[in-house]
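Reader: Please take me through the wording used for this model, setting each value against the cut-off behind it.

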Amino acid sequence: MRDAVGSFVGWPSDLIFPDAETPTRPTHKVGKGISRRIESVASQKEVPGRKLKSAAKDIPTTSGTKSQIMMRLEKMVDESDIIYGAIRSIDFDEGVFGAAHFEIIAKEDMQQLFEHDELGIAVIHTYIWYMYVILMRGTELCNRFNFIAASRINATLITKNPTSVKNDLVDRFMAAGDNTTPSLYFLPFNSGNGGHWVLVAMDLSRLIVYYLDSLLGDWSKYPSMKKTVDAEIIKFRSKKNYRNRKDITWVRVQCPQQNNSVDCGFFVLRFMRDIIALNRIDIPKMYFEEYKSYSRAHLDEMKDELCQFIVDQRII
């Protein structure tokens, strides 16, 4: 998995076009295609947070078929240099992950959306950026929900560079303020090598960690992840001179379950989307009454939201 961090390089607005990214992708050689860096169009001015449903109200979704916005974006990709191996590099608002972050988007990332394939880090991150811009930015939701980059903390990196992972996790906690009032940190966690996605949602003030897995099982499948999360929550609280009043409680949420081998990334995104839209810090153990299961239409709705966002941001 990629661990890239870069700086903004301006690009003329008339040469900016849209696109998206993946978890395991071949390395793009310098000079192959055209690598452009663009600044978020939304970051050039404040956009008040809006409800997700209002943002998607004009996007008709028919389960299993491609919507007009998806076909429009697919045509844009087919007519761009991305189809020949070029990439796009997108600067995210610093508020998304608490620090400067950019994402690389290439042909295979777009195909994950168009073909409903397993999602990689780039698509996961770009949809998180969408949620931050459309739903959260400029509202009190920014004080209640925080995101942790999956490219910085995952099973592969915990094995290869555990010290870096631990430092990154504490730094993310420190970047968000005092954490004395209830809030959630979302960690989309990948089992490594393009494997399974689960959602870990941490409430640092109440020492509760919610675990949402769209396949049967619990955190015991990832003991190094649990050990890392527990240790760094305690370390953060120590650095802040907070008393650890009790042990950390992990809660396995009985969340909607996928019925195939590719939907785990979509489900993780939908979990975050619904928790934020409902503005709920406490996640019921039996999940929310409003969303006991997810249909293909629920997932297609997110793809259309992201396609529209990519078009609006002029990424391709």
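Author: What follows is a set of questions about terms and the values behind them. This is a predicted model, in which local features need pLDDT of at least 70 and side-chain atom pairs count only at pLDDT 80 or more, while totals for chains, interfaces and linings use all residues. Residues are numbered from 1 along each chain as its sequence is written, and side-chain values use heavy atoms, with hydrogens and water left out.

Reader: Why is Ser 183 called buried?

Author: Buried means under 20% relative accessible area, exposed over 50% and partly exposed in between, with a 1.4 Å probe and protein chains only. Ser 183 has a relative accessible area of 4%, and therefore counts as buried. Its place is in the loop between α7 (162–175) and β5 (184–190), where helices (H or I, at least four residues) and strands (E, at least two) are DSSP runs numbered from the N terminus. Leaving aside residues up to four places away in sequence, Ser 183 touches, among others, Asn 143, Met 202 and Ile 281, contact meaning heavy atoms within 4.5 Å.

Reader: What makes Pro 256 count as buried?

Author: The relative accessibility of Pro 256 is 2%, so this residue counts as buried. Pro 256 is found in the loop between β8 (249–252) and α9 (264–278), and its C-alpha atom is separated by 4.6 Å from that of Ser 293, although the two residues are 37 apart along the chain.

Reader: Why are α2 and α10 called oblique to each other?

Author: Angles under 35 degrees count as roughly parallel, over 145 as roughly antiparallel, 65 to 115 as roughly perpendicular and the rest as oblique. Helix α2 (residues 68–78) and helix α10 (residues 296–312) pack at an angle of about 45°, with their axes 9 Å apart; the axes are lines fitted to C-alpha atoms, for helices over the stretch in contact, and angles run from 0 to 180 degrees between N-to-C directions. The two helices are therefore oblique to each other.

Reader: What makes α7 and α8 oblique?

Author: The axes of α7 and helix α8 (residues 223–239) cross at roughly 50° and come within 9 Å, and the pair is therefore oblique.

Reader: How do you know that the length of α5 agrees with its number of residues?

Author: The expected span of a helix is 1.5 Å times one less than its number of residues. The 16 residues of helix α5 (residues 121–136) should therefore span 22 Å, and the end C-alpha atoms are 21 Å apart, which agrees.

Reader: Why is α5 described as largely enclosed?

Author: Of its 16 residues, 16 are buried, so α5 is largely enclosed by the rest of the structure.
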